[in-house]
Structure formats: C-alpha cells, structure tokens
Amino acid sequence: MEAKTVCTHCCLLCDLYLEKGREIEGVSFRNPLCPKGILAWRITYHKRRLLYPMRRKGRYERISWERALAILSRKLKAARSKAALVSGTCSGEEISAVSSFMRAVRGKLYTSFPALGLGGERAGLEEIERCDLIFALGEPFEQFPVLAGRVLRAKYERGVPLFNLSCRAGPTSWFSQLIQPKPGTESWVLLHLAKILIERGLYKKECEREEGFRKLKEFLAGVKEETFELSGVARSALEVPATALSRSARALILWTPGVSPEWVSNLALLVGAKILVLPGAPNATLLQAAGAGPFEGEKVDVALIFREDPRKIDASFKVLFTTFEESGADLLLPVPAFTEMSATYTDMEGRSTTVPPISDPPPKVREIPDILQRLSEKIRPGISQTKGGPSSETSSGKGFKITQPQGPPKTDERFPFAVVTQPTYFNPEWKILRPTPEFLELHPADAGKMGIKEGDRVVVKSAEGEVERVAKVRPSIPEGVLYVPDFKALVASLGVR
Amino acid sequence: MELYFDIDLCIGCGACEQACAEVNRGEKRINVELFEGRFPLSGVCRQCENSPCLKACPKDAIKRVGDTVVVNENLCIGCRSCSIVCPFGNIEFRELRHVSTKCDECIGKLEDGRKPACASVCPTGALMYCEFEEMEAIAARARRKREMVGARLFAWRPK
C-alpha cells in the first residue's frame with residue numbers, strides 16, 4: 001500500500017510517497033526528491049528517536065510526563081522572561097497553539113528565519129516557468145536540488161539567462177554567469193548594481209513613484225567609486241548583469257538563506273523584478289505572519305524550543321520539543337514525527353496542504369497542542385489571557401530601504417581566514433539522518449600551506465567557538481576563504497589548527 | 001528501455017546514490033564524482049552489449065536479462081574476476097557478504113513498470129530511463145547541442 005505525505009525538510013514541500021504495510025517500509029520512488037527527502041521517513045524508527053521525556057542532571061535521565069510538566073510549569077512561573085523558538089518544520093496547528101500559549105504567558109516568539117523587511121513583489125514557484133531572467137543569490141541548487149530541475153528546464157528549453165551571485169563557486173555557478181564577490185559583500189554588489197542602473201537611467205520608470213526613490217538616488221550618488229574594491233567586483237563586470245536586468249520584462253530574483261537580505265528589494269523595485277523567497281523551512285512565512293522575528297541575542301530565562309536547534313537561542317533553562325535525543329537542552333519532550341500527525345503546511349505562496357497521519361506514534365509521545373493545553377491548565381492561576389493578535393508589519397515593507405551594507409570580515413594573524421557559510425538543512429532531524437560527515441571546503445593552496453589533505457579532520461576556531469569538520473580541498477573556493485556550512489554566523493574570521 | 005545520463009544537467013546532489021542505497025539495503029551501486037571540482041558525473045554500469053564481466057565469470061553467475069546484466073548473488077563465489085575486467089570500475093566487491101554487486105536497473109525490486117529508483121528521483125532529470133527515441137525528443141526540445149551520455153556510450157575524456 002502507498003501513503004502520501006509531504007517532505008518537511010525544506011520549503012518546497014515535495015510530495016513524498018511512502019510504502020506502507022503495518023509500518024512504513026520505505027520510499028516509493030515516484031517523483032523527484034533530494035537526498036533529504038529520500039531519508040526523511042527514517043526518523044520515525046530511528047534508533048536515536050526520543051521516546052520519553054528526559055531531563056539533564058549531569059547526564060540525561062528518563063522522567064515521567066507528570067514530573068516533566070511539573071518542572072516546566074514551576075520554571076515558567078518563576079521565570080521573568082520567557083521565549084519560544086519555533087521552527088518552520090512545525091505544522092500550522094502547532095504554530096497556532098504555540099503562539100496563543102506564548103501570548104497567554106506573555107512570552108516572545110522567535111524563529112530562525114531572518115526578517116526580510118522586503119518590499120518588492122513576491123513570486124510563486126510557477127514564476128520560474130514564466131520569467132525571462134533568473135538572478136540567483138547564494139546557492140539555491142545545493143540547498144534546494146528539486147528547484148534546480150525547474151530552473152535548468154527554463155534555462156535550456158526557453159533560453160533564460162541565469163546569473164549567480166555567490167562568493168563560492170558552487171553547483172549553481174556551474175550553470176550560470178557567476179558574479180563572485182569577496183566573502184560577505186553580496187549586499188555591496190547589489191548596491192553597485194543599483195548605482196549603475198540609476199546612473200545610466202536603466203531602471204524601470206514606474207519605480208520613481210515608489211516611496212524613498214529620491215533618497216535612494218541621493219544616497220547612491222554619494223557612494224564612492226572606491227567602494228567597488230570592497231566587494232572585489234569591478235564596475236565593468238557588473239555592466240552585463242545590469243544591462244540584462246534592465247532589458248528583461250519579467251526578471252526573477254531567487255533569494256536563499258545564507259545571503260543578507262539587504263538591498264534585494266531595492267534592486268527588485270528598480271528593475272521591476274519579482275522575488276522568489278526560499279526561506280528554507282516549510283512554515284516560515286506562516287511564522288512571520290504569527291509575529292515571530294529572529295532571535296537577537298538577549299538572554300532569556302526559559303526558552304521553549306520547538307523542533308529547532310537549541311544552540312540558536314541563549315537561555316538559562318532550555319526545553320526542547322523534539323523527535324530525537326539531543327544534548328544542549330535541560331528538558332527533552334518527545335513529539336510526533338511528521339508521519340505521525342495530522343499536519344497543515346503552508347508554502348511560500350500561502351497555499352496550504354493538510355496531510356493525514358500515516359503511522360502510529362510511540363506510546364509516550366504527545367502532540368505539542370496537547371502538551372501546551374495541559375501546561376496552561378497547570379499554570380492557569382498565574383496567567384491571564386490577553387487579547388490582540390500579532391502586529392502586522394506588512395505595510396512598512398513598501399518602498400525603498402536604505403542601509404549601509406557591511407564590508408568583508410577583518411582577518412588578522414590569529415584568525416587568518418574569512419568564512420562563508422550557509423544553512424544546508426532546515427530541519428534539525430537531518431543532523432542525525434545525514435549519511436556523510438559534516439565538512440568544510442578550502443582552497444588547494446591553503447591546504448598545501450598547512451599540510452591538510454582531502455578527508456583530514458580539521459578543527460576550525462573562531463571567536464565564537466570551534467567546530468570539527470572533514471576537509472574537502474576544492475579549487476572552486478577562493479584563497480583565504482573557508483566554506484563551513486551550517487556555521488553559526490554568516491560570515492566570520494577564523495583560525496585553523 | 002535504457003538508463004541515460006545527461007552530463008549537462010547533473011548538479012551532483014547525490015539523490016541517485018541515496019535512492020540506490022535505499023533500494024539495495026545500504027549498498028550504493030551508482031557513484032557521483034566531481035572532476036576538477038565542478039564536473040559531476042554519475043558513474044553507473046553501462047550494461048555493455050559485449051559484456052566482459054559476463055564472459056569472465058567462472059560460475060556463470062552473471063546473466064543477461066533483457067537488456068540488463070544481472071549478478072546472481074547465490075551463485076557468486078566472490079572471485080572478483082568481473083571487477084577486474086570491468087572497464088568502468090562499476091562492479092564492486094562487498095567484503096562483508098563476499099559477493100560482487102552491480103547495478104541491475106532495479107529489476108524485481110520495484111513494482112512492474114516503475115523506473116529504476118535513481119532515475120525516478122533525479123531532481124533535474126539528468127538520469128533518465130526511457131527509449132532512445134524518447135531521449136532524443138527530450139534533447140531536441142532543448143535549445144542547446146546536448147551531449148547525451150548513454151549507458152552504452154561513455155563520453156568521459158580523462159585529462
């Protein structure tokens with residue numbers, strides 16, 4: 001028998017057909033999938049699946065649900081600041097339960113999806129089939145392989161030109177005209193593109209009516225010619241993409257996580273392009289609508305973390321609602337895997353899909369709305385329901401926004417490398433499903449200097465911490481730059497031991 | 001029906017490897033390699049017409065089923081003759097089980113009429129399982145001169 005569900009590993013929400021007897025037996029290979037989608041169902045019976053609540057007391061020990069909820073409600077009552085970090089992997093039902101619970105306890109709602117503050121027109125996935133130019137920021141082919149099929153079809157069957165702005169020459173660059181700036185200066189390139197468009201009068205005339213156009217023009221006129229050296233991309237190199245963008249009637253900008261969102265909307269407004277935002281996690285847009293913003297670093301007392309990486313928030317007591325055993329939180333509460341619950345997912349265009357459960361959850365696993373229901377009954381005397389929905393900030397996203405982009409990261413003797421990074425997964429389950437070890441890429445010349453060979457284990461140290469990765473020696477990465485996927489900061493300086 | 005690989009469309013995502021490992025209990029029989037860091041190639045059995053492995057097998061464990069060359073693991077004695085003669089290095093010896101394995105285009109592993117797992121999951125359609133005419137029609141739809149690397153036409157030119 002075959003059961004249909006959706007893969008929750010990224011925002012594309014591919015259909016996933018699973019073979020099923022009494023239990024799920026495997027993937028029924030019907031439609032294009034990426035490695036994440038093929039392995040997604042394995043979380044259901046994974047040996048590291050979290051089957052009962054656990055608490056940290058030196059080591060992790062098993063406790064009952066009663067104990068766990070008692071500890072949690074005590075902590076919540078005592079806490080002065082509370083926050084929830086919600087992953088877009090949560091279903092729509094879970095997100096609405098969490099946001100109403102957090103309103104009730106007066107806590108803040110966070111997500112790891114960056115606040116875009118984008119103006120410009122958003123596009124759906126169908127736009128790939130209609131557009132006449134694709135400008136890809138970052139590395140969409142590596143992060144969303146299923147999307148690559150559609151982009152390549154547009155390129156080869158309709159002759160759509162493909163541009164790629166990325167510091168690292170990854171898979172997207174193999175198929176496109178690459179603009180390769182210095183690490184972390186993508187925003188500067190976009191700014192320079194806008195400058196060239198305005199100076200040469202290549203922008204669409206309709207955008208003059210937009211709010212802030214005059215200010216933008218003044219600001220760009222004040223941008224000095226020397227700043228072209230900041231990004232390392234010369235003016236002459238940007239003439240081609242600028243002309244191509246101005247000539248296209250339906251350009252499409254692909255925004256992927258890993259690229260700073262500054263200046264994306266300004267460029268889109270200038271050339272009348274649509275933006276296809278690929279937030280990564282499935283329900284990220286729903287979360288933004290619920291009023292969740294990125295975590296900005298102020299420490300909180302109690303953090304409730306829903307299907308998300310606990311390292312992404314700073315808190316003195318962390319409660320993790322998760323499907324697998326993980327260290328880094330004080331309390332682990334088991335929740336159903338994506339095959340075990342009825343769930344609604346909303347894609348980038350706001351279309352929602354509801355999938356039924358296709359397998360039974362383990363006995364001690366509880367659904368998130370149920371847990372929160374029982375929890376709020378326990379702490380009811382201390383809280384009062386506040387009315388008022390989340391504040392909607394959609395109206396302020398219109399018009400041009402002027403910000404000064406950051407320069408490339410500083411490197412010194414202690415930390416001689418600049419690091420580029422991007423998220424390669426959006427569902428923490430991939431951490432334990434991944435068949436290959438985590439890696440970093442470096443240039444052959446750098447590798448030769450330090451005597452690093454392909455496959456060696458390398459420790460990277462930064463001011464923020466250190467990680468151990470397997471080295472991959474690649475000429476596609478510039479000298480003096482390391483590519484460390486899933487590293488904490490987007491760009492940082494690093495030393496290598 | 002044959003397995004074709006379009007060298008221009010591969011993005012090296014590794015979905016075919018993963019699908020193959022799923023079907024074959026963790027043993028992948030297709031390998032994606034990057035040449036010079038930017039030219040991905042899916043290495044898979046070419047199902048040669050005049051198969052050297054078939055002739056080299058001392059126990060007649062390798063047979064031809066339709067267009068596909070298949071190893072009968074019950075007859076295989078693990079002598080590795082087939083791995084040695086394979087010009088493409090696509091027959092792997094499994095130390096643990098002491099048998100040689102190769103791609104069998106998922107014969108008998110999936111439901112009838114289903115494509116091999118790697119060809120069904122390939123996100124860009126670089127791997128396809130179809131008739132020759134169908135492949136040509138797909139290539140003609142593209143605006144480029146497309147170099148099709150068939151299972152029987154191997155077009156990797158080493159430096």
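Mentor: T185(A) counts as buried in this predicted model, because 24 C-beta neighbours lie inside 10 Å of T185(A) and 20 or more are enough for that class. The residue sits in the loop between β11 (177-179) and α8 of chain A. If its neighbours within four places in sequence are left aside, T185(A) is in contact with L230(A), S231(A), G407(A) and P408(A). A further distance can be given for V233(A), which is 48 residues apart from T185(A) along the chain: the two C-alpha atoms are separated by 9.7 Å.

Helix α8 (residues 186-199) of chain A packs with helix α12 (residues 264-271) of chain A at an angle of about 25°, and their axes are 9 Å apart. α8(A) is therefore roughly parallel to α12(A), since angles under 35 degrees fall in that class. The crossing of these two helices, α8(A) and α12(A), is left-handed. On the side of α8(A), the residues that take part are L190(A), L193(A), A194(A) and L197(A). They meet V264(A), N266(A), L267(A), L270(A) and V271(A) in α12(A). By class, the contact of α8(A) with α12(A) has 8 nonpolar residues, 1 polar residue and no charged residues.

The axes of helix α2 (residues 65-78) of chain A and helix α14 (residues 368-378) of chain A come within 10 Å and cross at roughly 55°. That angle makes α2(A) oblique to α14(A). The crossing in which α2(A) passes α14(A) is right-handed. From α2(A) the contact takes L69(A), L72(A) and S73(A), and from α14(A) it takes R374(A), L375(A) and K378(A). The residues of the contact of α2(A) with α14(A) comprise 3 nonpolar, 1 polar and 2 charged.

Chain A is divided into domain 1 (35-113 + 283-382), domain 2 (122-277) and domain 3 (417-496). The centres of domain 2 and domain 3 of chain A, taken over C-alpha atoms, are separated by 27 Å.

In the contact between the chains, 24 residues of chain A meet 23 residues of chain B. On the side of chain A, the elements that give two or more residues are β3 (24-27), α1 (35-39), α6 (145-158) and α7 (171-174). The largest share of that side, 7 residues, comes from α6(A). In terms of residue class, the side of chain A that touches chain B has 17 nonpolar, 4 polar and 3 charged residues.

Chain B itself has 5 helices and 9 strands. Their order from the N terminus on is β-α-β-β-α-β-β-α-β-β-α-β-α-β. Of its 159 residues, 35% count as buried. Among the contacts in chain B with a separation of 6 or more, 56% are between residues 24 or more positions apart. The domain assignment of chain B gives domain 1 (1-44 + 105-159) and domain 2 (45-102). Their contact takes 10 residues from domain 1 of chain B and 15 residues from domain 2 of chain B. The side of domain 1 of chain B that touches domain 2 of chain B divides into 4 nonpolar, 1 polar and 5 charged residues.

Two loop residues, one in each chain, complete the survey. R106(A) lies in the loop between α3 (92-104) and β7 (108-111) of chain A. Although R106(A) is not a glycine, its phi is positive, at about 55°. R106(A) counts as exposed, because 11 C-beta neighbours lie inside 10 Å. R80(B) is placed in the loop between β5 (68-71) and α3 (81-85) of chain B. Its phi is near 70°, a positive value in a residue other than glycine. With 14 C-beta neighbours inside 10 Å, R80(B) counts as partly exposed.

Terms used. Residues numbered from 1 in each chain as written. Chains lettered and ligands numbered in written order. Predicted model: local features only at pLDDT ≥ 70, side-chain atom pairs only at ≥ 80, totals over all residues. Contact = placed C-beta atoms within 7 Å. Helix = DSSP H or I, 4+ residues; strand = E, 2+ residues; numbered from the N terminus. Nonpolar A, V, L, I, M, F, W, Y, C, P; charged D, E, K, R; others polar. Domains from an automatic or database assignment. Axes fitted to C-alpha atoms, helices over the stretch in contact; angles between N-to-C directions. Parallel < 35°, antiparallel > 145°, perpendicular 65-115°, else oblique. Left-handed = near helix turned anticlockwise from the far one by under 90°. Buried ≥ 20, exposed ≤ 12 C-beta atoms within 10 Å, placed from the backbone.
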